[in-house]
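The following note sets out points for a colleague who intends to work from these coordinates. Confidence is taken up before the fold, the surface and individual residues.

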Amino acid sequence: QDHEQLVVEKTAKEKREMKHLNSLFNTMDSDRSGTLCWDEFKLSFSDANMRKRWRLLDFQPEDCKELFNLLDDGDGEIQTSEV
């Protein structure tokens with residue numbers, strides 16, 4: 001039963017993190033296009049408040065390019081609705 005509880009807690013944590021990430025991406029989408037280009041994404045790591053939100057998700061400014069490349073499907077943009 002302890003294992004089941006750990007799985008439930010981990011799932012709940014992942015859902016919370018995805019909700020935070022979705023909210024963060026919507027905030028970053030300055031032109032409201034539904035996508036994040038590299039400039040919008042990179043800019044978020046320059047803003048103190050946004051950096052704080054990234055750190056809450058355990059991402060550091062030096063991770064931003066790697067994270068963008070991981071989330072980008074090859075078209076140079078991240079769909080905010082897919083997060």
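1. Confidence. The term pLDDT denotes the predictor's confidence in each residue, on a scale from 0 to 100. It applies here because this is a predicted model. The mean pLDDT of the chain is 86, and 96% of its residues reach 70 or more. Among the elements of the chain, the highest mean value, 93, belongs to strand E1 (residues 35-37), and the lowest, 85, to helix H3 (residues 48-56). Where pLDDT is low, the predicted coordinates should not be read in detail.

2. Fold. Four helices and two strands are assigned in the chain. Their order along the sequence is α-β-α-α-α-β. The C-alpha trace spans about 45 × 25 × 20 Å along its principal axes. Of the contacts between residues at least 6 apart in sequence, 58% join residues at least 24 apart.

3. Burial and surface. The chain has 83 residues, and buried residues make up 25% of them. The chain exposes about 6000 Å², of which carbon and sulfur atoms supply 50%.

4. Charge. The chain carries 19 negative and 12 positive side chains. The centres of these two sets lie 7 Å apart.

5. Cysteines. As to accessibility, Cys37 is partly exposed, with a relative accessible area of 25%, whereas Cys64 is buried, at 12%.

6. Thr80. Is Thr80 buried or exposed? Its relative accessible area is 5%, so Thr80 is buried. Thr80 is placed in the segment after strand E2 (77-79). When its neighbours within four places in sequence are left aside, Thr80 is in contact with Asn22, Phe25, Asn26, Asp29, Gly34, Thr35 and Leu36. Of these partners, Thr35 and Leu36 fall within the residue range of strand E1 (residues 35-37).

Conventions: Residues are numbered from 1 along each chain as its sequence is written. This is a predicted model: local features need pLDDT of at least 70, side-chain atom pairs count only at pLDDT 80 or more; totals for chains, interfaces and linings use all residues. Side-chain values use heavy atoms; hydrogens and water are left out. Buried means under 20% relative accessible area, exposed over 50%, partly exposed in between (1.4 Å probe, protein chains only). Contact means heavy atoms within 4.5 Å. Accessible areas come from the Shrake-Rupley method with a 1.4 Å probe; for residues, only the protein chains shown count as cover. Lys and Arg count as positive and Asp and Glu as negative; His and the chain ends are not counted. The place of a charge is taken as NZ of Lys, CZ of Arg, CG of Asp or CD of Glu.
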